[in-house]
Amino acid sequence: MTPAPACREANFDGLVGPTHSYAGLSFGNVASERNAASLANPRAAALQGLAKMKALADLGLAQAVLPPHERPCVATLRRLGFAGSDAAVLAAAARAAPELLAAAASASAMWTANAATVSPSADTADARVHFTPANLAAKLHRAIEAPTTATILRAVFPDPQHFAHHDPLPATPALGDEGAANHTRLCTTHGAPGVELFVYGRSEFDRDALEPRRYPARQTREASAAVARLHGLRPEAVVFAQQNPAAIDAGVFHNDVIAVGSETLLFCHAAAFTDNAAVYEAVRRALARTGGALEVVELREDQVPLADAVASYLFNSQLLAHPEGGRLLVVPEECRTHPRVWKTLQGLCGAGRPLREVRAFDLRESMKNGGGPACLRLRVALTPAEAAAVAPGVWLDETLYTRLCAWVDRHYRDRLAEADLADPQLLDESRRALDELTALLGLGALYPFQRG
Ligand code: SUG
């Protein structure tokens, strides 16, 4: 008997949009705050992301792309009381509330780890892949992503026989949901039932739970529990864990800044959870029920101080199957130039060690806003039949890569400052670019401006 073709994990990376900028919009994300008002290079940002996608596709990994959103989002500014022509709306917002214009212009949809929480069909009651777009209620510039994200996910995963799409949770502080950035799936193989680890920063209703003091906790326990319910997960295959409030206060605004897991490996920092040992034990027990054995690689404070983990983004990495067997860890270039972090990572590589190889990528433009390799991708484990039901134009191959690079070169600016966000030409350029892109990806009319 020939074995059934395997289920594979695909990475859906966000294509950086033409308005990529540094607006200091994310209090609690230290990189975003530090780089506020610096000059951005949208063209370089998009090409850096594409280079990572291409390198992973070349390794034989399943790689796809998700389109950016229409920005500046004039519709948001209109809802906030700015009126007139599009150009008049931009000008009035720039004058009266530049911070609202910056939020409406942010290209933050590039960080697709925050697009949605995804549960593969092996885990769900109806054996479909479930998607819940994140409401991103904690930040204005991110909360406005949810409706477009929902439209895009429905266009990319259209077949209701395979894919179930939920609405984002109500966008209110009690239900703050940041998507896959706070969700890790552990399993023996991607096609087998796994364990879904939901990490939250606070609880709206558990008044005794510790909370961070300095920075906001974006994800609530109540939101995580709702997503697990919506996806029809087996309760014994779900673990809820609280993020360490001290880590949030040190700049760990999502769990994927301090932990990454794939298949049977959980790689994290000792400061990741309020009670690391209890989390490992709960995941270990749940995974054992599926026949799997959890491996934990925990870095202690004396190996990599929390501050160095945040500065280098070493945990915001992609844990992937190495083409020659074993595991590949994809990290940002900032890890290679950080001697202590790089030495620690090299110590994890080799025969009998958890990793085969670590590769660093230059994602500096995104990193300056607190977005590393793991932020830029949404993982979706797909059976061959499900993969065949994905909109075919989004899979990245040599041809699409070449076309997208040329498209970026044609439409993107190589410098963008805050003052440029009100330029009506930037809006026109972005719309022209997106109109061409939807045709290039074969996605039809996605954006309101295309529907007239
Ligand atoms: O939500 N930065 C994003 C970074 C998201 C990273 N995602 C994950 N860790 N999965 C955020 O804080 C900064 C935008 C600005 O300041 O211009 C920003 O939105």
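# A chat about the ligand site and the pockets

Tutor: Before we go through this structure, keep in mind that it is a predicted model.

Student: OK, and what about Ala 23, how far is its backbone N or O atom from an oxygen atom of the ligand?

Tutor: For Ala 23 the distance from a backbone N or O atom to an oxygen atom of the ligand is 2.9 Å.

Student: How much of the ligand's accessible area does the protein cover?

Tutor: On its own the ligand has 490 Å² of accessible area, and the protein covers 100% of that.

Student: And where does the ligand sit?

Tutor: The ligand sits in the second largest cavity.

Student: Which residues around the ligand come nearest?

Tutor: There are 21 residues around the ligand, and those that come nearest are Leu 25, Ser 26, His 141, Arg 218 and Asp 256.

Student: How does that shell divide into nonpolar, polar and charged?

Tutor: The shell around the ligand has eight nonpolar residues, 10 polar ones and three charged ones.

Student: Switching topic, how much space lies in the largest pocket?

Tutor: The largest pocket holds about 450 Å³ of space. Its lining is made up of 20 residues, and the ones that lie nearest the centre of the largest pocket are Cys 73, Ala 75, Thr 76, Ile 144 and Thr 148.

Student: Which elements give two or more residues to that lining?

Tutor: Those elements are helix H3 (74-79), helix H7 (146-156) and helix H18 (448-451), and H3 gives the most, with five residues.

Student: What classes of residue are in the lining of the largest pocket?

Tutor: By class, the lining of the largest pocket has 10 nonpolar residues, seven charged ones and three polar ones.

Student: How much space is in the second largest pocket?

Tutor: About 340 Å³ of space lies in the second largest pocket. This pocket is lined by 18 residues, and the closest to its centre are Glu 9, Leu 61, His 190, Glu 263 and Ala 321.

Student: Which strands supply at least two residues of that lining?

Tutor: Strand E1 (8-14) and strand E12 (318-321) each supply at least two residues of the lining of the second largest pocket. By class, the residues of that lining divide into seven nonpolar, seven polar and four charged.

Note on methods:
Residues numbered from 1 in each chain as written. Predicted model: local features only at pLDDT ≥ 70, side-chain atom pairs only at ≥ 80, totals over all residues. Heavy atoms only, no water. Near = heavy atom within 4 Å. Polar contact = N/O pair within 3.5 Å; in protein donor to acceptor, adjacent residues only side chain to side chain. Areas by Shrake-Rupley, 256 points an atom, 1.4 Å probe, with all protein chains shown as cover. 1 Å grid on protein atoms, 1.4 Å probe; cavity = no way out; pocket = protein on both sides within 12 Å on 5 of 7 lines; lining within 4 Å. Sits in = over half its atoms within 2 Å of the grid points. Nonpolar A, V, L, I, M, F, W, Y, C, P; charged D, E, K, R; others polar. Points joined across faces, edges and corners; volume = space filled by probe spheres on them. Helix = DSSP H or I, 4+ residues; strand = E, 2+ residues; numbered from the N terminus.
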